[in-house]
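I set aside some time today to go through a model and jot down what I looked up. Here are my notes, in the order I took them.

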Amino acid sequence: MVPFIPVSIPVDGSFVPVAFMFAYQISTNRNRNFYILTFITSVLITTIAFVWHKLGLLHFYKGMNIFHVFLLDVGISILAYWFTNLFVKLNQSVKS
């Protein structure tokens, strides 16, 4: 598994989750559409990753490219959103 792990793990492990948590908080507190905010956040993160790639600070291996980063960001954030909604509903059903 180690050869497939990209160099961007520090970014993916710290900045990306915080950015998506911020998008989730905005969507729940201000009644915004989470899916649109996820798309916008993913575009911003992908843009930052593209700039880092052009500066030589981020390297892709094994056929990975910037579009894969975008798809992974969108996919993982939507999956996390669905699980969060599931746990919120389970918590509400246990309390009532």
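**Entry 1: T41**

I kept in mind from the start that this is a predicted model. I began with T41, which sits in helix α2, residues 34–55. Is T41 buried or exposed? Its relative accessibility is 12%, and the cut-off for buried is under 20%, so I noted T41 as buried. Next I asked which residues T41 touches once its neighbours within four places in sequence are left aside. I found A19, F20 and A23 in contact with T41.

**Entry 2: aromatic pairs**

How many aromatic pairs does the structure hold? I got 8. I wrote down two of them in detail.

One is Y24 with F34: the ring centres are 6.1 Å apart and the planes stand at 75 degrees, so I filed this pair as edge-to-face. The pair links distant parts of the chain, with Y24 in helix α1 (residues 9–29) and F34 in helix α2, 10 residues apart. I checked accessibility for both partners. Y24 comes out at 24% and counts as partly exposed, whereas F34, at 5%, is buried.

Then I turned to Y35 and Y81. Their ring centres lie 5.6 Å apart with planes at 85 degrees; edge-to-face requires over 60 degrees, so this pair is edge-to-face. Where do the two partners sit? Y35 belongs to helix α2 and Y81 to helix α3 (residues 66–95), 46 residues apart, and this pair too connects distant parts of the chain. Y35 has a relative accessibility of 39%, which makes it partly exposed. Y81 has 18% and counts as buried.

I also looked at how these rings join up: ring pairs link Y24, F34, Y35 and Y81 into a cluster.

**Entry 3: helix α3**

I counted 30 residues in α3 and a reach of 44 Å from its first C-alpha to its last. That is close to the 44 Å expected at 1.5 Å a residue.

Which residues of α3 are buried? My list reads V69, F70, D73, S77, I78 and Y81.

Last, I wanted to know what caps the N-terminal end of α3. I found N65 there, with a side-chain oxygen 3.0 Å from the backbone nitrogen of F67.

Methods: Residues are numbered from 1 along each chain as its sequence is written. This is a predicted model: local features need pLDDT of at least 70, side-chain atom pairs count only at pLDDT 80 or more; totals for chains, interfaces and linings use all residues. Side-chain values use heavy atoms; hydrogens and water are left out. Helices (H or I, at least four residues) and strands (E, at least two) are DSSP runs, numbered from the N terminus. Buried means under 20% relative accessible area, exposed over 50%, partly exposed in between (1.4 Å probe, protein chains only). Contact means heavy atoms within 4.5 Å. Rings of Phe, Tyr and Trp (its six-membered ring) pair if their centres lie within 6.5 Å; planes under 30 degrees apart count as stacked, over 60 as edge-to-face and the rest as tilted. The expected span of a helix is 1.5 Å times one less than its number of residues. A polar contact is a pair of N or O atoms within 3.5 Å; within protein, one must be able to donate a hydrogen and the other to accept it, and residues adjacent in sequence count only if both atoms are side-chain atoms.
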